[in-house]
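Welcome! Here is a short tour for anyone meeting this structure for the first time. Take a look at the picture, then read on.

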Amino acid sequence: MRARRWTRDILRDSPLGGDTKLIVSELSTNAIRHTASGWASGSFHLAVAVSGQVVAVSVTDDGGAATAPKVEHQDQDAERGRGLGMISAVAHRVVVHDTDQGHTVTAELYADARPGGRRC
């Protein structure tokens, strides 16, 4: 996936690179699978903001989903529906915003904190 390679190139030397690539992959896949972003004329917008302390990833979809993205507590053996839960376990903060067309999901990783927002 091009979004994942682009993110890898941006964060090549970052200790947050691996988790960020996972988040980009999950959010991009969700946009393509569950919204109009996956239609022939669809697209999604990926933004990655990097500072010394924070990496923030935002994916904005083209809408068309019946409901807003949300964390679902699925069975461990479920093949789908665990992406945002996994992102929430890795990221320090996850926020979903409505947009004019669809939704933006933003995940933040902090260099000096453990997942769940606890500082080291």
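The notes below go through the sheet, its strands, the helices and the core.

Please keep in mind that this is a predicted model. Its sheet is open and has four strands in the order S1-S2-S4-S3, with antiparallel pairing. Helix H2 packs on that sheet, and the largest nonpolar core has 19 residues.

**The sheet as a whole**

- Strand S1 (45–50) and S3 are the edge strands; each has a single partner strand, so one side of each has no neighbour in the sheet.
- On average, neighbouring strands of this sheet are turned by 15° against each other, direction ignored.
- H2 touches S1, S2 and S4 as it packs on the sheet, and its direction makes about 10° with that of S2.

**S1 and S2**

- S1 and S2 form a hairpin, with three residues between the two strands.
- Six bridges join this antiparallel pair, S1 and S2.
- Within S1 you will find Ala49, which stands opposite Ala56 in S2.
- Ala49 is partly exposed, at a relative accessible area of 43%.
- Beyond its neighbours within four places in sequence, Ala49 is in contact with Val54, Val55 and Ala56.
- Ala49 and Ile10 are 39 residues apart in sequence, while their C-alpha atoms are 9.8 Å apart in space.

**S4 and its partners**

- Strand S2 (residues 54–60) runs antiparallel to S4, and seven bridges join the two.
- On the other pairing, S3 and S4 are also antiparallel, joined by six bridges.
- S3 and S4 make a hairpin with four residues between them, and Val95 stands opposite Thr106 in S4.
- How many residues of S4 are buried? Eight of the eight are, so S4 is largely enclosed by the rest of the structure.
- Both faces of S4 are covered: one side has His103, Val105, Ala107 and Leu109, the other has Thr104, Thr106, Glu108 and Tyr110, and all of these are buried.

**A closer look at Glu108**

- Glu108 belongs to strand S4 and stands opposite Ala56.
- Is Glu108 buried or exposed? Glu108 is buried, because its relative accessible area is 16% and buried means under 20%.
- Leaving aside neighbours within four places in sequence, the contacts of Glu108 are Val55, Ala56, Ala91, His92 and Arg93.

**Helix H3**

- Helix H3 (residues 83–90) has buried residues at Gly83, Leu84, Ile87 and Val90.
- These residues cover an arc of only 120° around the axis, so they are on the same side of H3.
- The cover over the buried residues of H3 includes helix H2 (17–34), strand S3 (93–98) and strand S4 (103–110).

**The nonpolar core**

- In soluble globular proteins, nonpolar side chains tend to be buried together.
- Among the 19 residues of the largest nonpolar core here, Ile23, Leu27, Leu46, Val57 and Ile87 touch the most other members.
- H2, S1, S2, H3 and S4 are the elements that give two or more residues to this core.
- H2 supplies the largest share of this core, with four residues.
- Val57 has Ala107 as its bridge partner in S4.

Conventions. Residues numbered from 1 in each chain as written. Predicted model: local features only at pLDDT ≥ 70, side-chain atom pairs only at ≥ 80, totals over all residues. Heavy atoms only, no water. Buried < 20%, exposed > 50% of the residue type's maximum accessible area, 1.4 Å probe, protein only. Arc of directions from axis to C-beta. Contact = heavy atoms within 4.5 Å. Pairing = 2+ DSSP bridges. Axes fitted to C-alpha atoms, helices over the stretch in contact; angles between N-to-C directions. Core = buried A, V, L, I, M, F, W, Y, C linked by side-chain atoms within 4.5 Å.
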